[in-house]
Amino acid sequence: MDEVFKALADPTRRQLLDELFARDGQTLSELEGRLPMSRFGVMKHLKVLEEAGLLTTRKRGREKLHFLNPVPIRLVYERWVSKYADTWASALTELKQEIEEEQR
Amino acid sequence: MREEEKAYAVIGGRGSMSVFEIYVKTTPELLWEAITDPEMRAKYSFGVRVESDWTPGSSYRSGVPGVIEIASGENLEVDPPRLLVQSFTAHWSEEVEAEGTSRVTWEIEPVGDSCCLRVTHDQLAEDANDELFGGWPMILSGLKTLLETGELLDTPGSLRYSGAAEA
């Protein structure tokens, strides 16, 4: 999980994820074209994202395609945010019961 | 380097594609069982069972009888405990049913004392409804929790159809 936060702590890497969110399965050349950075710089950032599990690559013919892997972010969500969601849901249930009792 | 070492299933073809990867501390055999056993599947997949005899060319259906049909298709490649390729037609709404048939590939790769599970959903329309593949992160993290802790992951919505058949 440390690697996920380190990877997300950089604006260029977040932008790369945004680019893949907008259109999944892009090549290095496509991604490089939209960033004010050298090919080597983009490759370095992609490697950090891949090591954190936030992106994964597949080959299609001679091309290497990059895909956003949202699963680690889901795991972060489940570790903390889901607890709030449960509390929120149970608070709403209690509110509903109170209102219904008042109406009786 | 790493890419060359990975034995990938044949991917691509027409349409767009989404890839989901998760590492699970388990064996390929247990992971395969969790994917193909109806009772285990229901524990992390919105409470929905998947029924099939899992032979190559066989059909599968997932849903809660009399409540909701989720998906159906054919098991195109079955190579336990490494590879399962399925055609996929969604049925949970008219909108998703109209999207037609896509393909789901499950790949299990042992890595140290864990497994990398890679789900590739491809042959989707270029502007495919994201409901078709948007559930994978929730399903895969529920699968990880089940295999690593034996517990159910009951985040909001994740087991929405469990108990629906009895109700």
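Colleague: What share of the 167 residues of chain B counts as buried, and what makes a residue buried or exposed?

Modeller: The figure is 37% for chain B. A residue is called buried if 20 or more other C-beta atoms lie within 10 Å of its own, exposed if 12 or fewer do, and partly exposed in between, with the C-beta atoms placed from the backbone. Keep in mind that this is a predicted model, where local features need pLDDT of at least 70, side-chain atom pairs count only at pLDDT 80 or more, and totals for chains, interfaces and linings use all residues. As for labels, residues are numbered from 1 along each chain as its sequence is written, while chains are lettered from A and ligands numbered from 1 in the order in which they are written.

Colleague: How many helices and strands does chain B have, and what makes something a helix or a strand here?

Modeller: Chain B has five helices and seven strands. Along the sequence, the pattern in chain B reads α-β-α-α-β-β-β-β-α-β-β-α.

Colleague: What makes strand E1 (16–24) and strand E2 (49–52) of chain B edge strands?

Modeller: Two strands pair if DSSP finds at least two bridges between them. The seven strands of chain B form an open sheet in the order E1-E7-E6-E5-E4-E3-E2, with antiparallel pairing. E1 and E2 of chain B each pair on one side only, and that puts them at the edges.

Colleague: How do you know that E6 (residues 101–111) and E7 (residues 114–124) of chain B pair?

Modeller: Set the count against the rule: at least two bridges are needed, and E6 and E7 of chain B have nine, in the antiparallel sense. For one residue you can look up, B:Ile108 has B:Leu117 in E7(B) as its bridge partner. E2(B) also passes, with four bridges to strand E3 (residues 59–64) of chain B, and there B:Arg49 is partnered by B:Gly63. E3(B) then has six bridges to strand E4 (residues 68–79) of chain B.

Colleague: What does helix H5 (residues 136–149) of chain B pack on, and what counts as touching?

Modeller: H5 of chain B packs on the sheet and touches E1 and E7 of chain B. Touching rests on contacts: two residues are in contact if their C-beta atoms, placed from the backbone, lie within 7 Å.

Colleague: Why is H5(B) described as largely enclosed?

Modeller: Twelve of its 14 residues are buried, so the rest of the structure largely encloses H5(B). Among them are B:Trp136, B:Leu140 and B:Leu147.

Colleague: How do you know that the length of H5(B) agrees with what a helix should span?

Modeller: The expected span is 1.5 Å times one less than the number of residues. For the 14 residues of H5(B) that comes to 20 Å, and the end C-alpha atoms are 20 Å apart, so the two agree.

Colleague: What angle do H2(B) and H5(B) pack at, and what is that called?

Modeller: They pack at about 125°, with their axes 11 Å apart. That makes H2(B) oblique to H5(B). The axes are lines fitted to C-alpha atoms, for helices over the stretch in contact, and angles run from 0 to 180 degrees between N-to-C directions. Under 35 degrees is roughly parallel, over 145 roughly antiparallel, 65 to 115 roughly perpendicular, and the rest oblique. B:Leu30, B:Leu31 and B:Ala34 of H2(B) make the contact with B:Leu143, B:Leu146 and B:Leu147 of H5(B).

Colleague: Is B:Phe46 buried or exposed, and what is its phi?

Modeller: B:Phe46 has 22 C-beta neighbours inside 10 Å, so it counts as buried. Its phi is positive, about 60°, although it is not a glycine. Most residues other than glycine have a negative phi, and most peptide bonds are trans. B:Phe46 sits in the loop between helix H3 (38–42) and E2 of chain B.

Colleague: Why is B:Trp54 called partly exposed?

Modeller: B:Trp54 has 16 other C-beta atoms within 10 Å, which makes it partly exposed. B:Trp54 also has a positive phi of about 60° without being a glycine, and it lies in the loop between E2 and E3 of chain B.

Colleague: Which peptide bond is cis, and where does B:Pro81 lie?

Modeller: The bond from B:Pro80 to B:Pro81 is cis, with omega near -5°. B:Pro81 lies in the loop between E4 and E5 of chain B.

How values were computed: Helices (H or I, at least four residues) and strands (E, at least two) are DSSP runs, numbered from the N terminus.
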